[in-house]
Amino acid sequence: MTQTNANLNAAGGLRELISFRIGAQEFCVDIMAVREIRGWTAATALPQSPPFVRGVINLRGAVLPIVDLAARLGFESSETSDRHVIIVAQIGEQVVGLLVDAVSDILTVTDDVIQPTPDVASDTAKLFVRGLLAIDGRMISLIGLERVLPDFELEAA
Amino acid sequence: MDPLAAIRETFFQECEEQLAELENGLLAMEAGDTDPETINAVFRAVHSIKGGAGAFSLEALVRFAHVFETALDEMRSGRLAPTNEVLKTLLRAADVLADHVRAAHDGSAVDEAHTAELAEELKALDPNGATAGEESEGEEDWGDFEFKPMSVDVPAAPAGPSGWRVSFKPRADLYAKANEAALLLRELGRLGQTTVELDASGLPALTELDPEAAYLAWTVTVTGDADETSIREVFEFVDGDCELEVSPLAAVAAEGEASATPVEDPGETLDIGALLARVQAVAEPPSPQQVPPAAPAPAAVATPADPSSPPDGQGQPRKPEAGATIRVDLERVDRLIDLVGELVINQAMLSQRVMEAGFARASGVAMGLDELEQLTREIQDSVMAIRAQPVKSVFQRMPRLVREVAAMTGKPVRLVTEGEGTEVDKTVIERLADPLTHMIRNAIDHGLESPEKRAAAGKPAEGVVRLTAAHRSGRIVIEVADDGGGINRERVKSIAIEKGLVAPDAALSDEEIDNLIFMPGFSTASEVSDISGRGVGMDVVRRSIQALGGRITISSRPGKGSTFTMSLPLTLAVLDGMVVSVQGQTLVAPITAIVETLLPKAGDVHSLGGSARVIAIRDTYVPLIDVGMALGYRAGPLDATQGVALLIEGEGGARAALLVDAIQGQRQVVIKSLEANYRQVPGVAAATILGDGRVALILDIDTIVAVSRGADSLRAEKRLAATG
């Protein structure tokens, strides 16, 4: 699978993205960053954490922080239900769970489909949105995950 | 790592083992062990180090090991009596050898003067002065002693001998180490004209032949101008694995040909080539045709027919079978431990689900689960045992320390160790070395009195420091006890007052005074000595023990001595915790920090303004910290009478009461890192996973207390940590 992807990438600049929904919005991340997708389980709250950090859960023995992606991206964070899912993503050395409303699709796109992010004032857009895709008339934002975890220095400044 | 570096690394690992063996052997001998095997083991240890060092061209190490080995050989052959004085020198030599090994390993420098001094001492031990008869690598002044009279156990030859008679009887060990008698004989053949006689009289009947044993002996007559040194050099690498006698021909002639009568017709001399072929055939014993029938042994030859019975005299009984061990990468073991931790949690979750599903206790499913539970526990114990090691490895470093400190302070000290076989997690062992070192230094420097004072008190001049380890209720308890004067409470108290650690009018119990020495900034040494005063005090010891999840206590009796008792968890992977709930959250407090738990009564809790509260506990007031507020779980304080207070003792002995909603129980929990996937959270030491599969946080009590004591909040501290 990985091999094929690499070949495709090399040949025609094809990428696979996982798209998911938060509220009415659609987003996607590179599939290579996603380790697994699992249902929502109640998290243990962490003291002194930013509001978008829901806490930690047990992922087969590892302590996994859960980031409420809605809150992180500046939307209203929703009440969690069993319907919510956690996208387990690898960010650098760390593994983080991203709380989203639902996973919708796997998209296979070429790089030229990804449009650059229009210049907007929003800081969160600058922090996270890496590009936009127009698929079947829907707008899907490509999210970069590097800044998802709270950044100390940024907060202190 | 390139292969040579890997081999070198293995060599140094083995060196550590040999050094430990060496020191153990010497200590056993000092304690009166006269078993020849002990001396042999000691000799072997030095010999192996020398051999390996030679292979890596570690000149300095080889040189010192050689001198050391020579002295030990004298002792092994009974020419040097293992008196206390001699053993003390040997022990110090062992220390120097250890230094050399370390220096060779990490490229550090060795105290040359000290080495030379000990080398001289070792040489001086030799009863024969500059002994002849030993191999002489690099010792120029031994170069041409072939014309000197032989001194040791051989009658002096009247004139320069024209040849040598070499009796050579390999032991099974020689073959086991992949040496080959035929090669040695061939090597001898290079030194001059040789006549080889085989003594096969030791050969048993074929049915009793042990293919691994050695039965053959040879007598080789070497004529020509070879000197004894070169002959002995041929056998250098099998030294200790064979019986070797080299005597000048003339002397032998005078004695008469009494010793080894060859099996072959005495007159017959074989040419070397034919003999070698035969030797090889026999040295690999299986083919029966070629083994000469067991000839009746001539009476003069006392060859034991049973190879397992120890040869007489300086004989070397067979080494005991070494336990089969393998070296395993620590990471693999840790991974296994992690996985077993998962298994335990998973099994607990499964049990819970099955119970929830309404299966009867006696149902097949429930019973199968019970068995699974037992199995998982057993696996967990076994896996933990892989990491467990005897405390021996750290105890072993102490004798040397004691010798050094004893020499520095001029106090004769005997170290008694007990329970070296007690096992505890490797990480705990590693982190024990520093506190133990410090405590033993302290025990000698501060604990023991000077010999004069001891004499005046009617005690033997030699002080005793006892270092013991034992398992006690799931923990390891290590004690350092001295038979010195005990803690001088008057002085401790006055120093504490002087340094402002306690109020001048404080009424302190003996125990409280004793515990003052753990206060930061306390050191009883009137002047900073070289030994104890290294800028660290007992508070550092206490902190490092606490960091390991342990506790340290002291008990002291005036005139009788002091005992420091450390109680440590057997592993750092699990922790004994008090599971509590706070505002709907489940938290774990390390039990080691908890002194007692109590239900606050309304009258005991007093407000000091703001949210600061204190609670009265037997006439003293300690700060009452609402854990829920400290961690930001709730905005307003909990009514103290609705909760439970945990009286805790934090870093430096400061007490505080933590207010929680309820206590759920005590449990052993597996420690999980928060930093791995997130980051450090102020007030939280780590996380764990409970039986229901949920994550619970383990409280960092010291931070919570420290932050609540100061005016700043956790958030301020966090910002500090972030910017700093």
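**Exercise 1. Work out how confident the predictor is about chain B, and which elements mark the two ends of the range.**

Solution. Start with the average: in this predicted model, chain B has a mean pLDDT of 76, and 80% of its residues score at least 70. Next, go element by element. Helix H22 (residues 714–723) of chain B has the lowest mean pLDDT, 44, while strand E22 (residues 695–699) of chain B has the highest, 92. For the complex, the predictor gives an ipTM of 0.83 and a pTM of 0.52.

**Exercise 2. Find which strands stand at the edges of the five-stranded sheet in chain A.**

Solution. First write down the order: E3-E6-E7-E5-E4 in chain A, an open sheet with mixed pairing. Then check the ends. Strand E3 (34–39) and strand E4 (53–59) of chain A each have a single partner strand, so one side of each lacks a neighbour in the sheet. Neighbouring strands are turned by 30° against each other on average, ignoring direction. For a look inside the sheet, take E5 (residues 62–68) and E7 (residues 94–100) of chain A: they pair in the parallel sense over three bridges.

**Exercise 3. Describe helix H1 of chain B and say what covers its buried residues.**

Solution. Begin with length: H1 (residues 3–30) of chain B has 28 residues and spans 40 Å from first C-alpha to last, close to the expected 40 Å. Then pick out buried residues, among them Phe11(B), Phe12(B), Leu19(B) and Met29(B). Their cover includes helices H2 (36–55), H3 (59–76), H4 (84–106) and H14 (398–409) of chain B. Just past the helix, Gly32(B) takes a positive phi of about 105°.

**Exercise 4. Explain why strand E11 of chain B counts as largely enclosed.**

Solution. Count buried residues, meaning those under 20% relative accessible area. Eight of the nine residues of E11 (residues 561–569) of chain B qualify, so the rest of the structure largely encloses this strand. Now see its partners. E9 (residues 475–482) of chain B pairs antiparallel with E11(B) over seven bridges, with Arg475(B) partnering Pro569(B). E10 (residues 551–557) of chain B also runs antiparallel to E11(B), joined by seven bridges, and Thr553(B) stands opposite Thr565(B). Three residues lie between the strands of the E10(B)–E11(B) hairpin, where Gly559(B) has a positive phi near 80°.

Note on methods:
Residues are numbered from 1 along each chain as its sequence is written. Chains are lettered from A and ligands numbered from 1 in the order in which they are written. This is a predicted model: local features need pLDDT of at least 70, side-chain atom pairs count only at pLDDT 80 or more; totals for chains, interfaces and linings use all residues. Side-chain values use heavy atoms; hydrogens and water are left out. pLDDT is the predictor's confidence in each residue, from 0 to 100. Helices (H or I, at least four residues) and strands (E, at least two) are DSSP runs, numbered from the N terminus. Two strands pair if DSSP finds at least two bridges between them. Axes are lines fitted to C-alpha atoms, for helices over the stretch in contact, and angles run from 0 to 180 degrees between N-to-C directions. The expected span of a helix is 1.5 Å times one less than its number of residues. Buried means under 20% relative accessible area, exposed over 50%, partly exposed in between (1.4 Å probe, protein chains only). Contact means heavy atoms within 4.5 Å.
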